[in-house]
Amino acid sequence: MASIDILRQIWADVLGIDISDFSDDDNFMALGGNSIKAIQFLGEIATFVENIDLAAFLNDATIKSVWETIKTYQKNTNLNNSNSITAATERGPGHIISGISFNAVASNLRKAGISEDEITDIAPVSSIQEFFLHHQRNGGTGCMNYFYEVEGPNLKQGLKHFTQLLEAKNPIFRTTVAEVSEEKFALALLSKTASPWSYPPDIQSHLKTTAAQQFQLGAPAARYALVLGDAAHEGRNFFIISVYHTHTDAFTRFLIDKEMSLITQSPSDYARAENTERPWFGSFVKHVHLTTPQEEVVKFWDNYLRGADVANIHPLDKAVVSGTVEPIITDMLPVPFLNSEVNGDAPRNPTQVILAAWAMALAKLSGHRDVTFGLCRHGRSSNTFADVWRVMGPLVNAVPFRISVQRKEEPVEELLHRVESDIATTTEWEQGFAPGVVPSPDGRPWVQSFVNMSSELHNVNTTGTTNESDSAITKMIPRPDLVDFNTDYHWAIILMIKRLRDQYQVSMLCNLSLLSRDKAGGLFNDFKAFMSALSAGDEKIVGDFLE
């Protein structure tokens, strides 16, 4: 049952602050929040209220407004208990979903030893899954590895029980991929899965195996490993979840960490029926196919990119499909507009400053005044799919971002508003394949830099230790510092920006065969200078920065 005290505690946990640090009227953004933390918060309160629009929340993000929304929802729910009933999904022989035949899926999975009775639902794959399928079937990307340091009296049996609980409540782990015709794939949700286990002698040998792991149709989404007494890590024990890129993204990793921590605290509580299963990623894909068909997505982005010149770092003929980037600069930058308000409105979103500053830095480097680069979108902005915040799967997507800085007399404030407007306009199209970001079969040029903004996320009500005296696992601590990093990309520069509470950790990764270290350093310094200048709020014009 929701209460305002529980709401305040969730608010504090997500933001990583104490309850005494804010009032019910304080704005989420002013307290160090951002869109990614907002998604986390909305996911945590999803059991209290069916769906809150992300944009609406960010426009009025206070405890007071959220609590009023929850009270209204619960009042209406009590008056009409039938308003949340969802029709059951049809499935079975002869059924077709989005052009995918159940019979075709069942026939292909039979070759992998999966019977028709084990298939509970089917869905088309998403566009981002198609991209990864192409690479993973050729051994291009391997698996993502999630590491946990573990302790306990019976690690082998305890972890097998833990993974059974994880798979029961999180359908992405029971999701496999079938090829229904040549180069046409489908998702299948299974009633159970047989994820493989291994017991490598150390972490390094496991990394070598999973880095070369080719994708197999009909295979489980994950594989598990237990390393006992790794000599390279002071004899510690490690549990590793290896997941195909087709089934995960950065936010999913956070959700998996949360689930493992909750299981560790109390396996019996986690197994209870009240702890409901997460929504299936395949249901989200079917929803996207109905609301924003892929052909409409491509049409939008084609129009968006019409006339764009993406060559703002190197000549087009120097582009590489698979190049190596290396980290060359890491710095800490202040968060723009922190705790500031404009004309009494909600605090400004620092994202618009980051994107405008990067566009102006590229404009200065290239001499172009119409600038396009790639942008990582979290993919969870839908206000029409209930519980989108709780979905595990590859929702994150790469899309183009284009901004013009041609009007020298344009006030900086107008430029920032245009960036903000572009973010809002393109949100509707953040799912689906966006041309011009990665190499594509039609041979069109792609963007030469990519901006990836993330956030430091705090798990809510999780400790990593058990509350049960007889538990086989007594401690499970995520170890993201052990995650391996793939350095093969087709962009000349990747700008990694991680939001901490009051500052950004900014790293630039560069393909030094496409841009010299000196020019990359100059580009980074220009980005920092533009960030500082745009944050100052002075009544300047764009020309003042670029002349």
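**The open sheet and its neighbours**

Mentor: Five strands form an open sheet in the order β7-β8-β9-β4-β15, and their pairing is mixed. At its edges lie β7 (197-198) and β15 (475-478), each of which pairs on one side only; two strands pair if DSSP finds at least two bridges between them. The model is a predicted one, in which local features need pLDDT of at least 70 and side-chain atom pairs count only at pLDDT 80 or more, while totals for chains, interfaces and linings use all residues. Residues are numbered from 1 along each chain as its sequence is written, and side-chain values use heavy atoms, with hydrogens and water left out.

The sheet belongs to a protein chain with 16 helices and 18 strands. Helices (H or I, at least four residues) and strands (E, at least two) are DSSP runs, numbered from the N terminus. Strands of a sheet pair through backbone hydrogen bonds, either parallel or antiparallel. Strand β4 (residues 143-151) runs antiparallel to strand β9 (residues 236-244), and eight bridges join the two.

E149, E234, R236, R479 and D481 are joined in a network of salt bridges, a salt bridge being a side-chain nitrogen of Lys or Arg within 4 Å of a carboxyl oxygen of Asp or Glu. Within this network, E234 deserves a separate word. E234 is found in the loop between β8 and β9. With a relative accessible area of 65%, E234 is exposed; exposed means over 50%, buried under 20%, and partly exposed in between (1.4 Å probe, protein chains only). Most residues other than glycine have a negative phi. E234 has a positive phi of about 60° although it is not a glycine.

Also to be noted is K156, whose charged end sits over the ring of Y199, 4.6 Å from the ring centre. The rule here is that NZ of Lys or CZ of Arg is within 6 Å of the ring centre and within 35 degrees of the ring normal.

Let us now return to helix α9. Its residue E259 forms a salt bridge with R278, the closest N and O atoms being 2.9 Å apart. E259 lies in helix α9 (residues 250-265), whereas R278 lies in the loop between α10 (267-271) and α11 (281-291), so the pair ties together parts that are 19 residues apart in sequence. Both E259 and R278 are buried. For comparison, D269 and R272 meet in a salt bridge of 2.8 Å, N to O. D269 counts as partly exposed at 40% relative accessibility, and R272 counts as partly exposed at 44%. In the salt bridge of E410 with R418, also at 2.8 Å, E410 counts as buried at 2% relative accessibility, but R418 is partly exposed at 31%. The salt bridges number 28.

The structure holds 25 aromatic pairs. One of them is F131 with F132: the ring centres are 5.4 Å apart and the planes stand at 70°, so the pair is edge-to-face. In W358 and F527 the centres are 5.7 Å apart and the planes at 80°, so this pair is edge-to-face too. W358 lies in helix α13 (residues 350-366) and F527 in helix α15 (residues 517-535), so the pair ties together parts that are 169 residues apart in sequence. Rings of Phe, Tyr and Trp (its six-membered ring) pair if their centres lie within 6.5 Å; planes under 30 degrees apart count as stacked, over 60 as edge-to-face and the rest as tilted. W358 counts as buried at 0% relative accessibility, and F527 counts as buried at 1%.

Finally, consider the chain as a whole. Of its 547 residues, 53% count as buried. Among contacts with a separation of 6 or more, 77% join residues 24 or more positions apart.

Definitions and conventions: Contact means heavy atoms within 4.5 Å.
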